[in-house]
Amino acid sequence: MSRSPAPRTVALGLLALASTLALTMSATAQNSLPPGYVPYQAPPRRPAAPRSAGIPQPPRRLATPRTPDVEVSPARPIDPGPFTQPVVVETPPVDLGATVNDGGPALAPQTQTAPSQPQDSGTGRPGPKQLDGLQTPSVTIEKHSPKEVQVGQPAKSEIVVRNAGQATAYDVSVRDDVPQGARLIGSKPTPQTGPEGELVWTIGALRANETAKIEIEWMPLGEGELGSVATLQFSAMASSRSRVTRPELTIDVSAPSEALQGETIPYRIKLTNTGTGAANGVVLVDHVPANLEHPAGVDLEQDIGALRPGESRTIDLVMRARAAGEGVNVVAAHAQGGLKVDKQMPIRVLAPALAVGLEGSRRRFLERQATYTVNIANPGTAPAKQVELVAYLPPGVEFLQANHQGRFNQASRSVHWLLEELPAGQQGDVTMTVLPREQGALPLRIAAAAERGLSTERQETIQVEGVAALLFEVADQADPVEVGGETVYLIRVVNQGSKDSMNVQVVALLPSDMKLLSVEAPTRYDATNGVRFQPIPRLAPKAEATFQLRVQAGAPGDHRLRVQVTSDEIHSPITKEESTRVIGE
């Protein structure tokens with residue numbers, strides 16, 4: 001018993017790129033089959049497993065599409081753009097949901113996996129402009145076969161593939177099997193043979209509203225329901241593009257490279273974004289060197305905010321030169337994304353310096369003039385201006401004179417010199433003459449001052465000592481004297497110095513023809529060999545001691561008395577003689 005095969009239409013839907021694309025399947029009526037067929041001779045294939053006559057079998061696994069050889073009219077493939085690597089998309093699992101007459105199994109889902117890419121940098125590039133935005137290809141497949149054919153009579157089937165969407169579908173291919181119980185006569189276009197003997201038509205790119213048709217001629221070999229399942233495979237493309245920008249910060253600083261100590265230093269900082277993108281979260285930082293100072297501290301920070309490409313911001317900063325020396329002022333900026341830049345500005349702070357000194361003996365004698373040289377030098381790096389040099393005298397020292405117009409101020413007991421400018425690295429000298437009036441350690445202070453609060457001082461100690469200066473005289477009261485007559489020798493010792501004379505000793509050596517009669521002296525004596533007086537322990541300045549020797553002349557002639565004086569200060573005896581003439585009858 002035979003029955004007419006029911007019309008079979010298999011509508012398959014494929015969903016690709018689930019996040020971007022929506023593909024729908026619809027059955028549409030197509031034009032009539034074009035005339036002409038290309039004869040097809042199927043290659044030998046392995047024996048098929050027994051199947052029930054007239055029952056279509058499930059489709060085999062889809063193979064990778066091959067090079068297109070289907071002529072599609074009027075569609076033309078779209079150039080996907082300047083890609084250096086093929087674009088690989090992952091097609092999510094597809095539930096084709098198609099069944100044959102008796103509820104056969106559906107097609108198995110197919111998945112393409114994108115190959116791994118290097119972790120440091122990708123290889124993709126933006127596609128053509130038409131791939132931007134939402135891509136909505138909607139490809140439908142419809143298969144037409146005659147409702148009834150006779151055994152041994154050729155029959156024709158037609159597969160119609162149409163892109164009903166708004167975007168181009170890529171890599172379009174169709175697979176089908178020769179119905180079991182039939183023989184393939186030919187196909188237009190000529191198919192390729194898949195790995196399991198299936199027929200494969202590669203269409204390639206199918207533009208929006210474009211249709212491709214496949215004509216198949218076959219001959220039934222026996223009675224029953226014949227048919228096969230045609231499967232559709234395609235891919236969709238979507239592109240996006242981003243404009244990548246790079247912010248770039250530059251710092252320009254206008255400031256002097258040298259400044260005098262105490263001066264204010266203006267810094268004009270210009271921060272510019274020379275890049276192609278906005279710099280966000282920009283912060284300007286200034287690291288103040290040790291030779292400068294700012295009231296806010298050593299690390300200054302200012303929030304700039306955002307800088308658009310080409311935008312600049314100018315910040316004025318005023319610092320003060322604190323100390324002489326070399327330094328580097330570091331101006332830096334940082335922004336989001338690890339953006340950093342800095343500018344180093346060397347700054348040399350110049351400053352004058354003053355140094356004073358005193359040349360002359362540190363040990364002087366009382367009532368003896370002393371001349372001292374006062375030195376002043378500028379060891380700094382800038383001229384010292386309006387320099388005043390002062391020497392302060394202690395009360396025990398009397399001012400006598402000074403050169404270079406030095407003026408003595410009696411009220412402050414000071415000597416003043418003025419100098420308009422002392423260049424860096426130069427020095428000058430002045431002199432003064434003084435007279436020590438008191439003994440002891442007398443402080444002599446030297447001071448100097450200049451503009452900008454510059455000052456220095458130095459103190460020296462002058463040791464003033466007295467001088468023990470002994471003077472003695474020897475005189476006879478009667479000269480000449482007769483033989484047997486008497487005369488008196490007067491010895492007078494005086495300390496004319498300014499210091500006590502210690503252990504003053506007097507020794508008188510009488511002539512051999514003179515006889516000692518009596519002695520008057522401030523100390524005891526010994527007349528064994530001449531007259532040796534015991535030392536005077538202390539003879540004060542301006543004090544004197546008198547010694548008297550009364551003698552008797554024994555023989556005529558010129559007789560001489562020799563007197564020697566020593567002290568702790570006089571180690572070699574001072575000797576004087578007094579001559580006395582003795583005359584006879």
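## Basis of the model

Residues are numbered from 1 along each chain as its sequence is written, and side-chain values use heavy atoms, with hydrogens and water left out. Because the model is predicted, local features need pLDDT of at least 70 and side-chain atom pairs count only at pLDDT 80 or more, whereas totals for chains, interfaces and linings use all residues.

## An open antiparallel sheet

Four strands, in the order 9-11-15-13, make up an open sheet with antiparallel pairing. Strands (E, at least two residues) are DSSP runs numbered from the N terminus, and two strands pair if DSSP finds at least two bridges between them. Strand 9 (249–254) and strand 13 (292–293) are the edges; each has a single partner strand, so one side of each is left without a neighbour in the sheet.

Strand 11 (residues 264–273) and strand 15 (residues 312–321) are joined in the antiparallel sense by nine bridges. Isoleucine 269 has isoleucine 315 of strand 15 as its bridge partner.

## Two buried residues

Tyrosine 489 belongs to strand 30 (residues 486–495). With a relative accessible area of 0%, tyrosine 489 is buried; buried means under 20%, exposed over 50% and partly exposed in between (1.4 Å probe, protein chains only). Beyond its neighbours within four places in sequence, its contacts (heavy atoms within 4.5 Å) include Met514, Phe547, Leu561 and Thr580.

Serine 239 lies in the loop between strand 8 (231–236) and strand 9 and is buried at 12% relative accessibility. Its side chain reaches the backbone nitrogen of glycine 127 at 2.9 Å.

## Salt bridges

The structure holds 23 salt bridges, each a side-chain nitrogen of Lys or Arg within 4 Å of a carboxyl oxygen of Asp or Glu. Glutamate 198 and arginine 175 form one of 3.1 Å, N to O, and both residues are buried.

Arginine 452 pairs with glutamate 263, their closest N and O atoms being 3.6 Å apart. This pair ties together parts that are 189 residues apart in sequence. Arginine 452 is exposed at 52%, while glutamate 263 is partly exposed at 29%.

Aspartate 558 forms a salt bridge with arginine 560. Through shared partners, salt bridges join Asp558, Arg560, Arg562 and Glu577 into one network.

Terms used:
Polar contact = N/O pair within 3.5 Å; in protein donor to acceptor, adjacent residues only side chain to side chain.
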